[in-house]
Amino acid sequence: MSDTKNNDSFTLTDNRSGQEYVLPVIKSAIGPDVMDVRKLYAETDHFTYDPGFTSTGSCESKITYIDGDQGILLYRGYPIEQLAEHSDFPEVCYLLLYGELPTPEQKKKFNHDITYHSMLHEQLMYFFRGFRRDAHPMAVMCGVVGALSAFYHDSTDITDPKHRMIASYRLVSKMPTIAAMAYKFSIGQPYIYPRNDLSFAENFLYMMYATPCEEYRVNPILAKAMDKILILHADHEQNASTSTVRLAGSSGANPFACISAGIASLWGPAHGGANEAVLNMLEEIEHPDNIPAFIERAKDKDDPFRLMGFGHRVYKNFDPRAKILQQSCHEVLDELGITNEPLLDIAMELERIALEDDYFIEKKLYPNVDFYSGIIYRAMGIPTSMFTVLFAMARTVGWVAQWNEMIEDPSQKIGRPRQLYTGETERKFKPVHKRR
Ligand code: SDX
């Protein structure tokens, strides 16, 4: 079928019958407009076909905008560079949830409300005991977050905006507590309760590293770096895990179950699990001299190995978050006095070589958000297995903001894609004694 574009519509022509179909164009605020294909199946008896949704807009959203060619990322219209430089994570949470930066009064109240939801129901402690000590912390996160729906019945009526906001606050503020408890459980140390006098990032680091045996003061440099990392990971349009949350939420599932589904999707090494995979890859490379061999493996079609932390479905230029994290990497290592970090040397050399290689240039493969984050986490003393947990901790606000937007969308309906069926046509059942 051919198509021509005029004014605010496309006209598709079925070259077999000459029949023409008009697809209205819906204009965007910025970025690509969309062809409205909602009536296409009813009118043409054909589905569109787009595995991986490379050309498909799944929803209308006002939260985050990405320009992959220009390397632009906006949260509610504000450039990520400005938010990373001048804002803080709770303020960015408010922005993503409510659409505007908070006034001083709104900021104070939001910080208070988020802080006062950070404790977990005491009964949940026993839930952790069901796991092996060596369980991957992402498995613990999936289980414990999903179990929250068994504890917070007073915020699971998704038709009630108050319930939705309480559940959103609970999820954003309890994720650091659950994450730190998963870490403490894995090392056999007692859980540390959150404190109401600490900031969001300080509280997380406090719950991770304090012990009941002595006073623990959070390093302000690490708290500031953590706050910036949380901002950079907070939301990212309709990525795999956000789309998972939206699809789960479209059936009316409770928010805790939806976020647990998002955590499961983020865990994959092609998505949020890449930060853990990058560190493992850098350790496997071991020395800059070994980089060319790994680059060749990444280019070899017969080798499943990919350069973790490189490439992106949307960014065909630098991921703006990677640029900010590269800078933070140097700042954190310098400020911690870590002058010799071989993994950073390998990462910098790997980036230099890859960005000069024709394969990576042609396929527009640049470092993404996961390439540098792991090196900063390692400098902060965070174990590799916790890297994706930190990604989930930050992305929870994006997930709940997108989930709320979906529920509030008057055109929202259950997500139910169709398929291109190429299996067996109908055939008659054969009793087992007749099968040869
Ligand atoms: C995140 O969507 C988001 O916004 C995600 C995220 C977020 O904030 O939510 O930004 C977070 O998930 C970042 C991505 C982290 N993943 C990795 O770093 C894993 C390594 N990267 C790849 O697996 C890959 O680049 C993806 C999954 C990120 C993107 O895959 P696409 O868009 O489906 O691209 P593709 O697999 O079709 O690749 C296009 C070509 C292929 O070659 P051809 O088949 O065309 O010959 O580029 C090649 C790929 O083989 N390629 C790579 C590569 N990434 C793509 N080759 C070597 N190393 C890589 N890393």
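Predicted model: local features only at pLDDT ≥ 70, side-chain atom pairs only at ≥ 80, totals over all residues.
By class, the residues lining the largest cavity are eight nonpolar, two polar and one charged. That cavity holds about 80 Å³ of space, and its lining includes Met119, Leu120, His121, Glu122 and Met125.

Let's step back to the whole protein. It has 18 helices and seven strands. The radius of gyration is 24 Å, close to the 22 Å that the globule rule gives for 436 residues, so the protein is as compact as a globular protein of that length. Along its principal axes, the C-alpha trace spans about 80 × 65 × 60 Å.

Back inside, the structure holds two cavities of 30 Å³ or more. The second largest cavity has a volume of about 30 Å³. Among the residues that line it are Gly311, His312, Tyr315, Asn317, Phe318 and Asp319, and the lining also includes Lys364, Tyr366, Pro367 and Asn368. By class, this lining divides into four nonpolar, four polar and two charged residues.

Next comes the ligand. It is surrounded by 24 residues, and the closest are His236, His312, Arg313, Arg321 and Arg395. The shell around the ligand has ten nonpolar, seven polar and seven charged residues.

| Residue | Part of the residue | Distance to a ligand oxygen atom |
|---|---|---|
| His236 | polar side-chain atom | 2.6 Å |
| Gly309 | backbone N or O atom | 2.8 Å |
| Arg395 | side-chain N or O atom | 2.8 Å |

On its own, the ligand has 1000 Å² of accessible area, and the protein covers 78% of it.

Finally, have a look at the second largest pocket, which has a volume of about 220 Å³. It is lined by 16 residues, and Pro90, Thr115, Leu198, Ser199 and Phe200 lie nearest its centre. Helix H4 (104-115), helix H7 (161-187) and helix H8 (200-209) are the elements that give two or more residues to this lining. The largest share, five residues, comes from H8. By class, the lining of this pocket divides into eight nonpolar, six polar and two charged residues.

Definitions and conventions
Residues numbered from 1 in each chain as written. Heavy atoms only, no water. Near = heavy atom within 4 Å. Polar contact = N/O pair within 3.5 Å; in protein donor to acceptor, adjacent residues only side chain to side chain. Areas by Shrake-Rupley, 256 points an atom, 1.4 Å probe, with all protein chains shown as cover. Nonpolar A, V, L, I, M, F, W, Y, C, P; charged D, E, K, R; others polar. 1 Å grid on protein atoms, 1.4 Å probe; cavity = no way out; pocket = protein on both sides within 12 Å on 5 of 7 lines; lining within 4 Å. Points joined across faces, edges and corners; volume = space filled by probe spheres on them. Helix = DSSP H or I, 4+ residues; strand = E, 2+ residues; numbered from the N terminus. Rg over C-alpha atoms; globule rule 2.2 N^0.38 Å.
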